Every structure is written in structure tokens, then in C-alpha cells.
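Trainee: Could we go through this model together? I'd like to know what stands behind each label.

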Amino acid sequence: MEYWSFGLLDCRSVGVLGRWNLRNFIPGSDKPRPTQILADNYCQRLETTRGMITFFIRCVVSIRWGNFFSTRRRVISSLHYSITPLLLLFSACDKAPKPLTLPPFDGQAAYELLVKQCDFGPRVPDTPAHDSCRVFLVAELQKYADRVTEQKFEEHLATLSKTVKLTNIIASFDMAATQRILLCAHWDSRPRADQDPDTSKHNDPVPGANDGASGVAVLLEVAKTLKRTPPPVGVDIIFFDGEDAGISGQSETYLAGSRYFAQTKDVRFNPMMGILLDMVGDADLQIYKEENSVNYASGVVDRVWSLAGRIGVAEFMPTVKHAVTDDHLPLLNTGVPVIDIIDFDYDHWHTTSDTPDKCSAQSLEKVGRVVLAAVYNPQL
Ligand SMILES: [Zn+2]
């Protein structure tokens with residue numbers, strides 16, 4: 001009876017029921033062992049044919065051995081000799097990792113989209129290059145999304161010392177889906193290269209290959225995949241404008257597009273998670289966890305970094321390094337759990353040398369695969 005009582009009281013999971021008679025099931029073991037350890041052992045063993053054969057031989061031996069008993073107490077023993085192998089099989093199977101859904105991501109195509117944006121010139125607000133790129137981005141998204149909208153607004157930009165017209169570009173996929181994921185990046189370029197080692201260039205615009213074009217390039221390529229292979233959730237891709245037109249050291253002068261979007265967003269827009277991409281094209285890619293993301297959306301950080309590990313993207317480092325003022329902050333303030341995927345260790349940040357040759361298709365592909373893993377496996 002002690003085994004029955006133990007089993008019924010301790011039923012927090014199916015696997016725990018296997019504690020009933022572990023001392024009998026495991027040859028040479030004279031004390032019950034934690035079921036979880038046993039389940040793990042069998043998960044590992046089940047990965048090989050030899051392990052599976054051994055497992056089923058032990059099941060059969062246990063069941064036959066149970067048939068020797070005939071008294072009432074021994075009938076009970078016989079029952080749990082017979083049931084336990086099945087319970088252990090279920091608990092072992094429950095531990096096996098679910099296979100990931102991961103469509104392919106074309107890093108070279110993403111790199112070409114990065115170059116295409118840079119070919120317009122720096123996408124500084126209120127310039128012809130900015131306007132031409134906006135037209136291009138809208139046309140690209142219209143090929144793939146169910147709906148593309150331009151959220152137009154005006155903002156005084158400190159670095160330009162004037163009020164300019166800005167546009168957030170919003171592309172929605174499967175608009176009827178209630179479970180949604182937000183993917184975002186900024187598409188503007190910084191007007192002033194104030195980190196350039198050559199001080200005579202501090203008033204020149206930043207080409208923005210990594211700082212701007214890289215995140216947009218990855219998400220344009222993701223948009224193609226969303227059209228080709230519809231994911232199990234709805235997706236909204238937002239390209240924010242006016243992110244990088246602030247004055248260094250004055251964080252409130254940055255993030256014009258995401259601040260406007262957060263202030264005016266529909267209360268029904270409540271995605272389960274969000275991913276912001278910024279500076280993800282560096283050929284020397286190293287992405288540390290970002291501090292604000294960890295503090296305010298740790299569950300999303302854990303999920304994304306876990307997926308990166310499962311698909312072998314080792315450039316997602318397991319530690320926190322930088323706290324960055326970026327477009328995720330206004331959204332976090334409204335309660336949307338958005339994380340920032342950013343490689344902030346980039347020598348060409350806010351310089352005139354932030355050009356496509358500092359970026360690589362391989363880096364864009366690694367980040368793109370992680371984003372696809374998150375979108376296509378939202379239950380994990
Ligand atoms: Zn920047």
C-alpha cells in the first residue's frame with residue numbers, strides 16, 4: 001500500500017507516478033530515485049535503437065515477473081509492475097523536444113535589400129533619398145502583406161532644427177488572427193555622423209548600412225517568407241521613421257516614430273511579443289542580451305535566445321552587455337513586451353563608414369533564422 005499512497009499523493013505530473021516502484025523496476029537499485037532523473041535517462045536511451053530495445057525488454061520482463069504473484073497484495077504489485085513501464089514511456093516521450101518549424105532564410109537576398117536601401121543615399125528625413133526609399137519599402141511590402149498602411153505625422157527634429165514629415169510603414173499579415181507577433185526596425189538614417197573619428201565629417205549624414213538598413217532588410221526577407229509559408233500567428237511588421245535624428249546625450253530627442261506609434265496605437269493592438277532589430281548586419285556579429293529587454297520582457301528574451309541556441313546561432317551571447325535607448329522603449333511603456341536584438345559593438349556606429357562592406361549576408365541570415373524560429377514556433 002505504501003507505493004499506492006505515495007503515487008496518488010505525489011501526482012504533480014504523469015512522470016512522478018513512476019515513483020511507485022522504481023526500486024523494483026531498476027535492476028540493482030535498492031532505493032527509489034527521482035522520476036525526473038529516470039525519465040531523462042530513458043529519453044537519452046530512447047534516442048538510440050539499442051536503448052529502445054533495452055527499454056522494451058525491461059518492460060516485458062517486468063510484466064511477466066508480476067504474473068508470479070497471486071495474493072491480493074501481490075495482485076496490486078503485479079498491476080503496478082505492468083503499468084509503470086507504460087507511465088515511464090509516456091513521461092520519457094513527454095520530455096523529448098518538439099521539432100521546430102523553420103522555413104529557409106536567404107541571407108544573400110537580404111544583403112541585396114540592404115545595398116538597395118543604401119543606394120538611395122542616407123535616408124535622412126526631409127530628403128529625396130528618404131522619400132524614394134519610403135516608396136520602395138511600401139511597394140516591397142505590398143507584394144507580400146495583406147495590408148500596408150503609412151502612418152504619417154510631423155515632428156520637430158532637433159538635429160535638423162525643423163519640423164519635418166515622417167512616416168511609419170505598417171504591414172499586416174493575417175489580420176483576423178488574434179494572436180499576433182510584432183516585428184520592427186527603423187528605416188531612417190542619422191543626419192549627423194557625430195561619432196566619426198574625422199571631426200570635419202560630424203555634420204555629414206550616416207550611410208546607415210548597419211544602423212537602419214540591416215534590420216529593414218531582414219524583415220523584408222521575412223515578409224517574403226510570411227507570404228510563401230503562412231505562420232500560425234498574425235504578424236505586424238513596422239518600419240519606424242525618425243529613430244535616429246536625436247542629439248547625442250538627449251534620449252528624449254530620439255525615437256520619434258515609435259513614440260508616435262505608441263501614443264496613438266489602437267488599444268486592441270496587443271501583440272503577444274515583439275522583436276526589434278537594429279544593427280544586425282555587422283560582419284563580426286555578436287548579439288548580447290539588452291538590459292532594458294531583460295528587465296521588462298525577460299520571457300521574450302529567454303524564448304528567443306533559447307531558440308537561437310536550438311538552431312545553432314552561437315552569435316546570440318548568453319550575457320547582458322548594453323542598455324540601449326531604442327524603439328522598444330515606447331512600446332514597453334505601453335505594456336507590449338518588445339525586445340531589442342542589437343549588436344552594439346560596432347566600430348562604425350554613427351560614422352560615415354557605416355557602409356554595406358561592413359555587413360555580411362551571413363550575419364543577416366543568422367538573425368533572420370532566429371526571427372523565423374520565433375514566429376513559426378510561438379508555443380515554445
Ligand atoms: Zn543609430
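Predicted model: local features only at pLDDT ≥ 70, side-chain atom pairs only at ≥ 80, totals over all residues.

Trainee: What makes Leu255 buried?

Mentor: A residue is buried if 20 or more other C-beta atoms lie within 10 Å of its own, exposed if 12 or fewer, and partly exposed in between, with C-beta atoms placed from the backbone. Leu255 has 25 other C-beta atoms within 10 Å, so it is buried.

Trainee: And why is Asp126 called partly exposed?

Mentor: Asp126 has 15 other C-beta atoms within 10 Å, so it is partly exposed. Asp126 sits in the loop between H6 and H7, and Leu255 in the loop between S4 and helix H9 (256–264).

Trainee: What is the phi of each?

Mentor: For Asp126, phi is near 70°, a positive value in a residue other than glycine. For Leu255, also not a glycine, phi is positive too, near 60°. Most residues other than glycine have a negative phi.

Trainee: How do you know how confident the predictor was?

Mentor: From pLDDT, the predictor's confidence in each residue, from 0 to 100. The chain's mean is 82, and 74% of its residues reach 70 or more. Over residues 59–71, though, the pLDDT is below 50. Residues 1–51 also stay under 50.

Trainee: Where do the names of helices and strands come from?

Mentor: Helices (H or I, at least four residues) and strands (E, at least two) are DSSP runs, numbered from the N terminus. The chain comes to 13 helices and eight strands.

Trainee: What is the span of H6 set against?

Mentor: The expected span is 1.5 Å times one less than the number of residues. Helix H6 (residues 107–119) has 13 residues and reaches 18 Å from its first C-alpha to its last, close to the 18 Å expected.

Trainee: Which residues of H6 are buried?

Mentor: Gly107, Ala110, Tyr111, Leu113, Leu114, Gln117 and Cys118. They cover an arc of only 155° around the axis, which puts them on the same side of H6. That arc is taken from the directions from the helix axis to the C-beta atoms.

Trainee: What do those buried residues pack against?

Mentor: Helix H7 (128–144), helix H8 (209–228) and helix H13 (361–376). Two residues are in contact if their C-beta atoms, placed from the backbone, lie within 7 Å.

Trainee: What makes S1 and S2 a pair?

Mentor: Two strands pair if DSSP finds at least two bridges between them. Strand S1 (residues 147–157) and strand S2 (residues 162–173) have eleven, in the antiparallel sense. Glu155 stands opposite Val164 in S2. The two strands form a hairpin with four residues between them.

Trainee: How many bridges join S5 to S8?

Mentor: Five, and strand S5 (residues 273–278) and S8 run parallel. There, Ile275 stands opposite Ile339 in S8.

Trainee: In what order do the strands form the open sheet?

Mentor: The six strands run S1-S2-S4-S3-S5-S8, with mixed pairing. S1 and strand S8 (338–342) are the edge strands, as each pairs on one side only.

Note on methods:
Residues numbered from 1 in each chain as written.
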